[in-house]
Amino acid sequence: MAHRRIITLLTDFGDQDTYVGIMKGVIVSIAPEARIIDICHNLPEFHIESAAYMLWTYYRQYPAGTIHCAVIDPGVGGDRAAIAVECGGYILVLPDNGIAGMILSDSKRKYRAFVIENEDLMNKPVSSTFHGRDIFAPVAAHLAGGVPVEEVGPPLRTPALLDIAEPVAAENNIRGCVLHIDRFGNYITNIPYDMAACFNKKTIFVKIGNFSIMGISGTFSDKEPGELVAYFGSTGMLEIGVTRGSALETIKLPVGASVKVTGRTNDR
Amino acid sequence: MAHRRIITLLTDFGDQDTYVGIMKGVIVSIAPEARIIDICHNLPEFHIESAAYMLWTYYRQYPAGTIHCAVIDPGVGGDRAAIAVECGGYILVLPDNGIAGMILSDSKRKYRAFVIENEDLMNKPVSSTFHGRDIFAPVAAHLAGGVPVEEVGPPLRTPALLDIAEPVAAENNIRGCVLHIDRFGNYITNIPYDMAACFNKKTIFVKIGNFSIMGISGTFSDKEPGELVAYFGSTGMLEIGVTRGSALETIKLPVGASVKVTGRTNDR
Amino acid sequence: MAHRRIITLLTDFGDQDTYVGIMKGVIVSIAPEARIIDICHNLPEFHIESAAYMLWTYYRQYPAGTIHCAVIDPGVGGDRAAIAVECGGYILVLPDNGIAGMILSDSKRKYRAFVIENEDLMNKPVSSTFHGRDIFAPVAAHLAGGVPVEEVGPPLRTPALLDIAEPVAAENNIRGCVLHIDRFGNYITNIPYDMAACFNKKTIFVKIGNFSIMGISGTFSDKEPGELVAYFGSTGMLEIGVTRGSALETIKLPVGASVKVTGRTNDR
């Protein structure tokens with residue numbers, strides 16, 4: 001292979017422990033040539049939508065062949081499966097709890113999924129509390145080292161898809177929800193640009209909780225400091241921010257909150 | 001050498017400053033081929049037991065030859081020595097303040113320790129406040145580049161060993177303490193599985209503060225949400241958690257708290 | 001080139017999102033051989049002085065040829081330029097908002113600066129909210145891959161220089177200010193050792209807010225626990241700390257606070 005295989009790591013292990021450091025040790029021991037890239041290890045609180053959104057934001061930015069390992073796994077010790085999914089030139093190694101949902105939808109569900117059952121690829125004995133070390137890291141490393149994905153275990157027809165409401169478009173409105181709130185306090189919704197493009201930008205009303213925002217701006221700094229602003233963010237989704245401030249501090253609603261867009265269509 | 005030498009970094013420099021970034025610059029300037037792996041830079045508060053435990057958790061996960069550099073060093077500016085220790089195929093580069101204690105005990109004290117005094121391997125002039133930059137990083141880099149460990153300085157017969165009470169086993173009980181509290185609020189004790197294995201799992205009582213837990217579970221999610229649960233964690237130590245919650249929020253005791261295990265032995 | 005080009009990353013994107021992970025994906029896609037080094041992604045609150053200080057602390061620790069990419073950019077979406085600056089063997093890729101100020105002063109202003117306008121080096125379409133992904137990361141990657149710096153766009157005679165008061169020396173005193181407060185609560189000032197060296201160390205008074213410190217110590221641990229201490233820190237600047245404590249908790253003043261040093265000169 002021309003270039004070293006990349007393994008990206010997204011976990012909820014935080015930054016106060018050695019769990020991620022242990023996973024990296026497992027990886028470099030099995031696949032010394034693999035390149036490990038830290039994505040993020042702090043999810044403030046578990047929201048399946050938020051984790052699925054985060055994974056979706058970066059996976060396509062990496063070269064084909066990259067292995068995206070995501071250990072966001074409140075169900076460790078329960079009975080969810082560990083899976084490997086080949087999709088769009090990438091391999092995902094993660095728990096089958098829906099966090100791959102946005103990627104799998106995005107790929108129009110062209111993927112091959114496998115349940116990880118091949119113990120030869122695991123760190124034994126497999127603990128009941130740290131699948132990051134015992135399953136996800138060693139499997140990702142073996143895949144980086146050239147093991148074909150179908151060797152991890154039997155095929156899985158239907159991985160868990162994220163059971164969030166897709167945005168629903170009617171003639172004069174779109175109903176969606178908040179997928180993620182970033183560290184700046186911006187609300188990122190599940191309403192993509194393409195869906196809202198039919199509305200005249202100046203007539204759009206965005207409603208969240210008791211707050212209404214008139215019109216779509218070019219960016220979050222387009223209004224007076226402290227004012228709410230709606231704009232399409234860097235991932236193409238409708239976002240709600242506050243110019244030089246935090247929308248979270250103003251709106252105070254959590255991930256999952258409803259968002260409604262109303263407007264007149266451009267062709268009227 | 002077939003593979004690039006690895007240098008792992010464990011520090012208490014946090015994630016809001018450039019101290020770690022400066023150390024990495026020193027390393028890549030001296031040993032451009034070394035591979036740097038971040039373990040963790042946030043220790044919530046200094047506890048020698050917790051730091052020693054953290055270092056112990058990951059060192060064996062790395063390939064032989066790895067250099068583990070740990071700058072957890074509230075005594076910088078004082079008179080503790082800087083040392084390099086060859087142990088079990090690894091080299092530790094760290095202050096002589098006891099944080100290597102669990103590894104040195106673990107290795108049955110087969111190690112070679114040296115006091116770092118060779119100024120040719122240091123960044124000069126050596127500051128009194130930032131030994132990470134001036135001593136630990138450059139020495140780790142020179143070792144990665146092939147300098148033999150005995151060149152760092154004179155041998156040291158007895159590095160500081162961690163002065164924590166080893167768990168004490170009597171006929172019907174074991175007395176230990178809390179080594180670490182992780183970001184999920186799980187209490188990790190110094191009582192290993194091997195020591196507790198003589199007790200019948202169902203008859204075991206685990207006592208910490210005013211709380212008692214009956215029986216050992218397979219994992220932290222084995223009880224009803226909110227209930228305390230005792231289990232053997234991923235490093236083989238007895239841990240106390242709360243199913244879908246935080247034991248820290250319930251128990252509210254710090255690192256160092258006493259833990260007592262009582263039970264009937266299996267062979268009775 | 002003998003060694004892989006290094007790209008360091010300093011951002012204010014925090015550790016709860018995937019913004020940094022996205023930037024890394026852009027970089028490895030364009031320049032697979034580049035070595036990415038994380039410096040710091042958490043600035044507690046935006047202070048131009050603090051960001052400029054942080055960048056200045058580590059840039060010279062890296063080998064010549066290193067590309068320092070700094071995306072500390074509250075003005076994204078506004079009209080500040082993106083620039084690339086060749087300076088002292090390094091290339092800086094950053095917004096033209098003054099954060100390069102301390103480096104450019106430090107280099108006695110020998111540098112070549114260019115406005116980034118060449119869209120062939122950008123990720124298109126360029127969003128209005130995420131220049132890290134669309135401008136800074138791809139430009140840094142192309143430079144690492146060998147594109148000459150003058151190809152990024154037209155020359156810029158005068159980048160924004162940091163508009164902070166330089167320390168002012170009078171016969172018996174120096175007036176400066178706080179540049180940065182580190183995670184240990186130490187105050188780092190803009191008063192360098194060279195400027196204060198003319199004063200007799202024992203006669204120096206350091207004044208900040210309502211607090212006065214008599215004499216300069218060798219390090220922050222030279223006094224009784226809890227006492228304020230003034231010393232020259234690892235970057236050569238006057239710092240104010242508390243032995244085994246946090247000066248921030250005692251002094252409670254923010255970045256930018258005034259600091260005054262008075263004393264008798266040594267030659268009197």
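Author: Happy to; what follows is a walk through the interface of chain B and chain A, and then a look at how the copies are arranged. Please keep in mind that this is a predicted model.

Let's start with the extent of the meeting. On one side, 32 residues of chain B are in contact with 33 residues of chain A. Together the two chains bury about 2,500 Å² between them, and carbon and sulfur atoms give 49% of that area. Within chain B, the residues that lose the most area to chain A are B:Q61, B:R183 and B:S234, which together make up 27% of what that side buries.

Now to the kinds of interaction. As for where the chain B side comes from, β2 (35–40), α2 (48–58) and β9 (173–181) each supply at least two residues. Of the elements, β2(B) gives the most, with 5 residues. Sorted by class, the side of chain B that touches chain A holds 14 nonpolar, 11 polar and 7 charged residues.

Finally, the arrangement of the copies. Chain C superposes on chain A by a rotation of 120° with 0.0 Å of shift along its axis, at an RMSD of 0.0 Å. That is the relation of a three-fold axis. In chain C, the C-alpha of C:D15 is the one nearest the axis, 5.2 Å from it. Only 12% of the interface residues of chain C are also interface residues in chain A, so the copies meet through different surfaces.

Methods:
Residues are numbered from 1 along each chain as its sequence is written. Chains are lettered from A and ligands numbered from 1 in the order in which they are written. This is a predicted model: local features need pLDDT of at least 70, side-chain atom pairs count only at pLDDT 80 or more; totals for chains, interfaces and linings use all residues. Side-chain values use heavy atoms; hydrogens and water are left out. Contact means heavy atoms within 4.5 Å. Buried area is the accessible area (1.4 Å probe) that two parts lose on being put together, summed over both. Helices (H or I, at least four residues) and strands (E, at least two) are DSSP runs, numbered from the N terminus. Ala, Val, Leu, Ile, Met, Phe, Trp, Tyr, Cys and Pro count as nonpolar, Asp, Glu, Lys and Arg as charged, and the others, Gly among them, as polar. Copies are superposed by least squares on the C-alpha atoms of residues with pLDDT of at least 70 in both.
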